[in-house]
Structure formats: structure tokens, C-alpha cells
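Morning, everyone. Please look at the next slide while I talk you through it.

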Amino acid sequence: MNDAAATKNELRSAPHGVEAGALVIPPRLAQLWKRGADFLGCPISILAGAMSWVSERHLVAAISNAGGFGVIACGAMTPALLDTEIKATRALTKKPFGVNLITMHPQLMELVDVCQGNGVTHVVFAGGVPPGDAIKKAKTFAKVLCFAPAVVLAKRLIKNGADALVIEGSEAGGHIGPVSTSVLAQEILPAIRDVPVFVAGGIGRGEAIVSFLEMGAAGVQMGTRFVCASESIAHPKFKQAFIRAAAREAVTSVQLDKRLPVIPVRALANQGTELFMETQRKVLDKFVKGEVDQQAAQLEIEHFWAGALRRAVIDGDVEFGSMMAGQSVGMVTREEPVTAIMAELIAQAGEALAARGG
Ligand SMILES: Cc1cc2nc3c(=O)[nH]c(=O)nc-3n(C[C@H](O)[C@H](O)[C@H](O)COP(=O)(O)O)c2cc1C
């Protein structure tokens with residue numbers, strides 16, 4: 001029996017709802033996110049969005065063990081490191097989990113091979129439209145999820161073989177697009193019925209989960225809300241910064257000049273943010289004076305944040321590291337186990353549904 005089947009067998013219909021370990025999911029909620037839960041093979045249709053350095057074996061296993069869907073962030077890992085991480089995660093959970101691969105990784109196809117070798121059931125392609133052959137290969141052994149930033153692309157991705165989509169609004173932490181979650185949801189959810197769609201970006205409470213499910217989402221993806229889970233290996237200083245921060249402190253990186261493009265990233269503002277502006281000013285100055293060409297200037301700007309997320313998450317450099325965080329950071333108020341976070345979200349969702357008479 002595979003993991004997904006095992007999980008389904010563990011789901012017991014109880015008179016008061018569906019039991020997921022210690023948690024009981026209200027029947028109406030279980031019904032609303034059934035399509036997503038069936039697709040993921042777990043009782044709680046909440047994906048913990050892959051977060052580089054944060055989403056490793058401990059957090060991923062804790063999420064899946066709690067009934068949600070953990071996703072390993074491959075980030076810049078080599079195939080050998082990913083192989084180790086998948087095996088280590090599997091040693092901590094028998095439940096299904098996914099692997100998030102960044103499409104511009106130079107060894108993308110080898111990473112897909114590693115997923116295949118380990119019997120990974122769900123592959124998430126992030127960071128741009130994945131090459132057709134990567135989707136094709138991943139589909140031979142797993143379900144494939146892709147990020148859709150617009151309706152046209154959503155339809156193209158489904159045509160290319162995506163089994164499910166994630167739509168992520170600009171409220172999210174990390175690399176973001178220009179459109180908010182509420183607008184993306186209104187544009188994409190009514191237009192896409194063929195595959196399950198998971199909504200991400202700015203979701204911090206159960207009421208919001210219910211709203212998106214009622215609009216047609218199969219489930220949600222959340223990142224920021226799980227950073228301060230007790231099982232997350234993020235540095236205590238990184239967690240403290242999240243607990244202290246308000247929504248307005250999670251800001252997008254600013255591009256100084258369109259000749260030197262900056263990919264927008266949402267993160268907590270710190271001294272690194274200031275220094276980044278200063279660096280852009282200096283590089284732009286050199287470029288305008290003809291001391292460096294556009295390519296060299298662009299590279300210097302891109303290199304500024306290299307290794308910065310690791311420095312913040314692992315080393316606790318909250319002053320100069322990259323403090324990627326979504327606007328839902330204001331709803332992160334304490335360090336607590338994943339099961340407590342899930343229980344709170346489910347309780348909020350249940351209360352919202354009860355208030356509707358559901
Ligand atoms: C610290 C951090 C690192 C992230 N790293 C990645 C990543 O490596 N790959 C990816 O696809 N998304 C990444 N994300 C985005 C999350 O997977 C998720 O989609 C996002 O956090 C959802 O929005 P929320 O932060 O409002 O919950 C990251 C987000 C954060 C906060």
C-alpha cells in the first residue's frame with residue numbers, strides 16, 4: 001500500500017467530522033477541500049509552501065505528520081543533497097510530502113531523476129514556467145504542480161500536463177509577482193475547473209482559507225505562518241523577528257533603475273535592505289559613467305543577496321541577511337508546534353463555517 005492509500009485509510013468518518021490524527025476536521029470543511037485533500041493524499045488540504053533553508057526534513061515531516069502536506073524546498077541543493085534530504089524526510093514520516101524544484105536550476109532534469117528514484121509522489125515546479133520535458137518526465141511517476149501567474153499561463157500549463165496549479169499573490173513571502181491574491185483568485189478560480197487550484201499569499205487564518213475554498217479553490221498554500229513552528233530549524237533570531245513584525249514591515253525589494261532590473265522579493269526590512277539600495281546607487285553610477293557594462297552591473301546587483309537567506313535563516317543574521325516574509329507575518333505571534341497551528345486554522349475555519357450555518 002502506498003503512503004497516500006495508507007493516509008486515506010487512516011481517515012475515519014466520525015459523527016463530528018473527519019479525524020486527522022488528534023485533529024477533527026468539521027464535515028463541511030472536509031467536504032469543501034475534498035478535491036485538494038484527495039489530490040495531495042492527506043486529510044488537511046494545506047500545503048506548507050516550500051521555503052529555502054526552512055522547509056527541510058524536520059518541518060516537512062512535522063507538517064505531513066500533522067495531516068497537512070509538507071514540501072521540501074530543493075532551492076540550490078545538488079542532486080546528491082536532495083537525495084539525502086528526501087531519504088531523511090521519509091525516515092521521519094510515512095505520510096505523503098512533495099518536493100519543490102526551481103525551474104532555472106542548472107541540473108533540473110537530474111533533480112527530477114532523484115525524485116523518481118525516491119518514489120516522490122508530488123513535484124512542484126517553481127520560479128518560472130517549467131520546460132515541457134521536465135513536466136513530461138515528472139508526470140511519469142508523480143503528480144505535477146505548477147505556479148500560474150495569469151489565466152493564459154494557467155491554461156498553457158494544464159495543456160503542458162500540470163496536474164494542479166498554485167496561484168500566489170504578491171502578499172506572499174519570497175519572490176513574488178505583481179498581482180494580489182484576491183485579484184488572482186477572482187481571475188483564475190472561476191476560469192480553471194479542470195485541475196485543482198491551491199491559493200497562496202497572505203493567508204494567515206482559517207476564515208481566509210474558507211473564503212478561498214468557497215470561491216472554488218481546492219486548498220491553500222501557506223509559508224510565513226509555519227516559519228515559527230517549533231519544528232522549524234530557523235534560527236531563534238529569525239523567529240523572534242517574525243513574532244515581532246507587523247504586516248507593513250514585510251516589504252518588496254525596490255528597483256532603482258529599469259536598466260538594472262530587480263526581481264521583487266518580499267522580506268522584512270532591515271539594514272540589508274538599505275545597503276541594497278546604496279549598492280544599486282553605486283553600481284548605477286558606475287554603469288552611467290561607462291565604467292562597467294550592463295551585464296557586469298546586473299551581475300553585481302544580483303550577487304548582493306547571494307547566500308543572504310541562508311545567513312538569516314540558519315546563522316541568525318537578521319541585520320544583513322534576507323528576511324523573506326509575507327504580509328501574514330503580523331499573524332505570527334508565538335512559537336508553537338505544527339499541530340497547534342493546524343488546530344487553530346481548522347478551528348477558525350470551523351467557526352467561520354458555523355457562523356454561515358454550515
Ligand atoms: C523564507 C521564505 C522562503 C521561501 N522560499 C521559497 C522557495 O524556495 N521556493 C518557492 O517556490 N517558494 C518559496 N517561498 C514561498 C512559499 O513557498 C509560499 O508560497 C509563500 O510563503 C506563501 O505565502 P505566505 O508567505 O503569505 O504564506 C518562500 C517563502 C518564504 C517566507
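I will go from the whole chain down to single residues. One caution at the start: this is a predicted model.

Overall view. The protein chain has 15 helices and 14 strands. Its C-alpha atoms fill a box of roughly 75 × 45 × 40 Å along the principal axes. What is its radius of gyration? The protein chain has 20 Å. A compact globule with 358 residues would have a value near 21 Å, so the two agree. Buried residues make up 48% of the 358 residues. Now take the contacts with a separation of 6 or more. Of these, 64% are between residues 24 or more positions apart.

Next, the domains. The assignment gives two entries: domain 1 covers 3-234 + 332-355, and domain 2 covers 246-324. Their centres, taken over C-alpha atoms, are separated by 29 Å. Nine residues from domain 1 and eleven residues from domain 2 take part in the contact. On the domain 1 side, five are nonpolar, four are polar and none is charged.

Now the ligand. How many residues surround the ligand? There are 27, and the closest are Gly-49, Ala-126, Gly-173, Gly-223 and Gly-326. By class, this shell holds eleven nonpolar, 13 polar and three charged residues.

On to strands. Strands of a sheet pair through backbone hydrogen bonds, either parallel or antiparallel. We have an example of each.

Parallel first. Strand 7, residues 122-126, runs parallel to strand 8, and four bridges join them. His-122 has Lys-143 in strand 8 as its bridge partner. Is strand 8 enclosed or open? Five of its five residues, 143-147, are buried, so strand 8 is largely enclosed by the rest of the structure. Lys-143, Leu-145 and Phe-147 point one way, while Val-144 and Cys-146 point the other way. Both sets are buried.

Helix 10 spans residues 206-214, and its buried residues are Gly-206, Ala-208, Ile-209, Val-210, Phe-212 and Leu-213. What do they pack against? The partners are helix 2 (27-32), helix 9 (181-188), strand 11 (197-200), strand 12 (219-222) and helix 15 (338-355). After helix 10 comes Gly-216, with a positive phi near 120 degrees.

Last stop: Val-283. This residue sits in helix 12, residues 271-288. Is Val-283 buried or exposed? A residue needs 20 or more C-beta neighbours within 10 Å to be called buried. Val-283 has 22 inside 10 Å, so Val-283 counts as buried. Leaving out residues up to four places away in sequence, Val-283 touches Leu-260, Ala-297, Glu-300 and Ile-301. Val-283 and Gln-298 are 15 residues apart in sequence, and their C-alpha atoms are 8.5 Å apart in space.

Note on methods
Residues numbered from 1 in each chain as written. Predicted model: local features only at pLDDT ≥ 70, side-chain atom pairs only at ≥ 80, totals over all residues. Buried ≥ 20, exposed ≤ 12 C-beta atoms within 10 Å, placed from the backbone. Helix = DSSP H or I, 4+ residues; strand = E, 2+ residues; numbered from the N terminus. Contact = placed C-beta atoms within 7 Å. Near = placed C-beta within 6 Å. Nonpolar A, V, L, I, M, F, W, Y, C, P; charged D, E, K, R; others polar. Domains from an automatic or database assignment. Rg over C-alpha atoms; globule rule 2.2 N^0.38 Å. Pairing = 2+ DSSP bridges.
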